[in-house]
Amino acid sequence: MKQSLGLLEVCGLALAISCADIMAKSASITLVALEKTNGSGWTVIKITGDVASVRAGISNGGQIAAQRDGLVADKVGGRRGEGILAAERPTPSVMDGEHEESETA
């Protein structure tokens, strides 16, 4: 089964963490990354999973972000091509700091 890719861009890291939490609890998705983007403290949440789960997660996360006036954009790419994430250049992620700390401990 092909995996779907979902992107949710919100204003602020705290809102991004709240949305990611809601998305993970409401649907069977995998959180790929939280990335800071250029401008105004925006953060992109990347998730993968089956198409229905990713749509549900993005919908729920988008509703929370919209209620808090922090929704910038959302997109669900159904059945992404092979290697779409593998071809992507690694970018600094807000999750990287947490990962590095756990390796050194």
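1. The protein chain contains three helices and four strands, where helices (H or I, at least four residues) and strands (E, at least two) are DSSP runs numbered from the N terminus. Along the sequence these elements follow the pattern β-α-β-β-α-β-α. The model is a predicted one, in which local features need pLDDT of at least 70 and side-chain atom pairs count only at pLDDT 80 or more, while totals for chains, interfaces and linings use all residues. Residues are numbered from 1 along each chain as its sequence is written, and side-chain values use heavy atoms, with hydrogens and water left out.

2. On the chain as a whole, 31% of the 105 residues count as buried; buried means under 20% relative accessible area, exposed over 50%, and partly exposed in between (1.4 Å probe, protein chains only). The accessible surface comes to about 6400 Å², and carbon and sulfur atoms hold 52% of that area. Such areas come from the Shrake-Rupley method with a 1.4 Å probe, and for residues only the protein chains shown count as cover. Among contacts with a separation of 6 or more, 72% join residues 24 or more positions apart, a contact being heavy atoms within 4.5 Å.

3. The largest nonpolar core has 16 residues, of which Leu8, Val10, Cys19, Met23, Ile45 and Ile47 touch the most other members. A nonpolar core is here a set of buried Ala, Val, Leu, Ile, Met, Phe, Trp, Tyr and Cys residues joined through side-chain atoms within 4.5 Å. Strand S1 (4-11), helix H1 (13-26), strand S3 (42-49) and H2 each give two or more residues to this core. The greatest share is that of H1, with five residues. In soluble globular proteins, nonpolar side chains tend to be buried together.

4. H1 and H2 pack at an angle of about 145°, and their axes are 8 Å apart. The axes are lines fitted to C-alpha atoms, for helices over the stretch in contact, and angles run from 0 to 180 degrees between N-to-C directions. H1 contributes Leu15, Cys19, Ile22, Met23 and Ser26 to the contact, and H2 contributes Ala56, Gly57, Ile58, Asn60, Gly61, Ile64 and Ala65. These residues divide into eight nonpolar, four polar and no charged; Ala, Val, Leu, Ile, Met, Phe, Trp, Tyr, Cys and Pro count as nonpolar, Asp, Glu, Lys and Arg as charged, and the others, Gly among them, as polar.

5. Alanine 65 belongs to helix H2 and is buried, with a relative accessible area of 0%. Beyond its neighbours within four places in sequence, alanine 65 is in contact with Val10, Leu15, Cys19, Gly70 and Leu71. Its C-alpha lies 8.4 Å from that of cysteine 11, 54 residues away in sequence. Valine 10, for its part, touches residues including Leu15, Ala16, Trp42 and Val72, residues up to four places away in sequence not being counted.

6. Two further residues of H2 may be set side by side. Serine 53, in helix H2 (residues 51-67), counts as buried at 12% relative accessibility.

7. Aspartate 69 is placed in the loop between H2 and strand S4 (71-77) and counts as exposed, at 74% relative accessibility.
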